[in-house]
Amino acid sequence: MRTAFIGGGVMGEAMVRGMLAKGVAEPEAIVVSDVSAERLSKLKRDYGLHTGQDNRQALQGSHLVVLAVKPQDLGPLLEELSGAFHPDQLVLSIIAGATVATVAEGLKHGAVVRAMPNTPAQIGEGITVWTASSEVSPSQKDTARSVLATLGSEVFVTDERLIDMATAVSGSGPAYFFLVMEALTDAAMDIGLPREIAEKLVSHTALGASRLVQETGEHPGALRKMVTSKGGTTERGLHQLEEGGLRTLIARAIAAAYERAKELGG
């Protein structure tokens, strides 16, 4: 499957790496177009891809075209590529906030998939929520699914509004967890733990807690109660978090990110 990437940034590279690792595409069947000669040189050196700076030329002969530019670059890109697509080509956009309608109308092309992967996709542990226009055929959906699955797990939704909601949760979510891990590490050092030990304890605790939720299928609240003994250390610590309004702050963060996602989509 010949694939063109318009934009060779971090997430575009993650998709390339995943596709190659899972055998979805071969290096000679991937072309990347980007404004940065430095990025193109790196991608060509590391993966043996075809590279260039002509977006329209990159489209030629491609079955799948991945739009992976920054949101602020979407307008000029749509204007540049408008009317340049063959009817059988599939467009897969991972541009935050860009709706299916915006991309389809801007490109004058109906077969559009919109996806929101997250940063753990860089190591194949991401979660991607995606949707497709009515013009996307069943076989094209299978193509999109196979590509997105190389980044980790994927969830297809028919209601595009859920994409903005997912952006606020799974898209921005890693940053929330990183902040909590950062705060836990700093607090551990404050009570005397060496940084190296604190970082290892926090990262493994975060990983283990997540795996426990996934593998047991238990609700996080149930697992929280299991580890909270009456009058114990966990109960004392959780009391401080609840008293400090942690739940309210998280709810506010999600709501704010959701509103911003809708703003980006116009």
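Colleague: Of the contacts in the chain with a separation of 6 or more, what share comes from residues 24 or more positions apart?
Modeller: That share is 61%. Keep in mind that this is a predicted model.

Colleague: OK, and how many helices and strands does the chain have?
Modeller: There are 12 helices and 8 strands. Their C-alpha atoms, along with the rest of the chain's, fill a box of roughly 65 × 40 × 30 Å along the principal axes.

Colleague: What percentage of the residues count as buried?
Modeller: 36% of the 266 residues do.

Colleague: Which residues form a nonpolar patch on the surface?
Modeller: Leu193, Ile197 and Leu201, with about 240 Å² of accessible area together.

Colleague: Where does Leu193 sit?
Modeller: In the loop between α8 (173-190) and α9 (195-216). Leu193 counts as partly exposed because its relative accessibility is 31%, and that class lies between 20% and 50%.

Colleague: Why does Lys108 count as exposed?
Modeller: Because its relative accessibility is 66%, and exposed means over 50%.

Colleague: Last one, charges: how far apart are the mean positions of the positive and negative ones?
Modeller: They're 3 Å apart, taking the 25 positive and 31 negative charges of the chain.

Methods
Residues numbered from 1 in each chain as written. Predicted model: local features only at pLDDT ≥ 70, side-chain atom pairs only at ≥ 80, totals over all residues. Heavy atoms only, no water. Buried < 20%, exposed > 50% of the residue type's maximum accessible area, 1.4 Å probe, protein only. Patch = residues over 30% accessible without salt bridge, like charges linked within 9 Å, V, L, I, M, F, W, Y side chains within 5 Å. Areas by Shrake-Rupley, 256 points an atom, 1.4 Å probe, with all protein chains shown as cover. Salt bridge = Lys/Arg side-chain N within 4 Å of Asp/Glu carboxyl O. Helix = DSSP H or I, 4+ residues; strand = E, 2+ residues; numbered from the N terminus. Contact = heavy atoms within 4.5 Å. Lys, Arg positive; Asp, Glu negative; His and termini not counted. Charge placed at Lys NZ, Arg CZ, Asp CG, Glu CD.
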